[in-house]
Amino acid sequence: MIQTKTYKTWIVGILAPLSLLTLTASAHFDALDVHFGKEKDTNLHATMLALDKLFFDAYNNCDMETQATLISEDLEFYHDQGGLATSKQEILESIEKNICGKVTRTLVSGSLEVSPIPGYGAAVVGLHQFRNHAEPEGTPSKKSRFVAIWKQTGDQWQMTRIISLH
């Protein structure tokens, strides 16, 4: 009986501080989450939202000229299914051949997170969905993540790095 009581006291003595530590750490990380990804520069967020819209309106409507102006010559496009692509021309040709009139991209409302990159531009993280027009209307589309690194040169913005995760 004494051993069982000592064992229970030992367990409570260990678990109680661990529980408190876990709750404290959880509250700390929840507080961090409140600030993580929140835009401090609302003008930058509005700019990135407008650029995302401009690029993907062009993407959805096969406006290759607008897409070309928003993609850097030194683009690195990382795709979790297609691998790495570094040729701007090949990427644009692939979009024209495989996307135009076949797929529509939609940004998930409220998902865009923007972080400034001082002296360079901005990083954008968000969720989007693609609708394949060959599928029946109403076919569910899975949300997928993306990251885009935008470089600002004067008044011009271009994507230099894109990561697409499905």
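**Close-up views of a predicted model**

**View 1. The largest nonpolar core.** In this predicted model, the largest nonpolar core is made of 26 residues. Those with the most contacts inside this core are Met48, Phe55, Val114, Val124, Trp150, Trp157 and Met159. At least two residues of the core come from each of helix H2 (42-60), helix H3 (64-70), strand E1 (71-79), helix H4 (88-98), strand E5 (121-132), strand E6 (144-153) and strand E7 (156-165). H2 gives the most, with six residues.

**View 2. The disulfide of Cys62 and Cys100.** One disulfide is found in a search of the whole structure. The sulfur atoms of Cys62 and Cys100 lie 2.0 Å apart. This pair links distant parts of the chain, 38 residues apart: Cys62 sits in the loop between H2 and H3, and Cys100 in the loop between H4 and strand E3 (103-107). The torsion about the S-S bond is about 85 degrees, so the disulfide is right-handed.

**View 3. Exposure of the two cysteines.** Cys62 has a relative accessible area of 29% and is partly exposed. Cys100 has a relative accessible area of 14%, and is therefore buried, the cut-off for buried being under 20%.

**View 4. The largest pocket.** The largest pocket holds about 850 Å³ of space. It is lined by 38 residues, and the closest to its centre are Tyr59, Phe77, His79, Ile99 and Ser164.

**View 5. The lining of the largest pocket.** H2, E1, strand E2 (83-85), H4, E5, E6 and E7 each supply at least two residues of the lining. E5 supplies the largest share, six residues. By type, the lining residues are 20 nonpolar, 13 polar and five charged.

Methods: Residues are numbered from 1 along each chain as its sequence is written. This is a predicted model: local features need pLDDT of at least 70, side-chain atom pairs count only at pLDDT 80 or more; totals for chains, interfaces and linings use all residues. Side-chain values use heavy atoms; hydrogens and water are left out. A nonpolar core is a set of buried Ala, Val, Leu, Ile, Met, Phe, Trp, Tyr and Cys residues joined through side-chain atoms within 4.5 Å. Buried means under 20% relative accessible area, exposed over 50%, partly exposed in between (1.4 Å probe, protein chains only). Helices (H or I, at least four residues) and strands (E, at least two) are DSSP runs, numbered from the N terminus. A disulfide is a pair of cysteine sulfur atoms within 2.5 Å. On a 1 Å grid over the protein atoms alone, a cavity is a set of points where a 1.4 Å probe fits but cannot get out, and a pocket is an open set with protein on both sides within 12 Å along at least five of seven lines; lining residues have an atom within 4 Å of a point. Grid points are joined across faces, edges and corners, and a volume is the space filled by probe spheres set on the points. Ala, Val, Leu, Ile, Met, Phe, Trp, Tyr, Cys and Pro count as nonpolar, Asp, Glu, Lys and Arg as charged, and the others, Gly among them, as polar.
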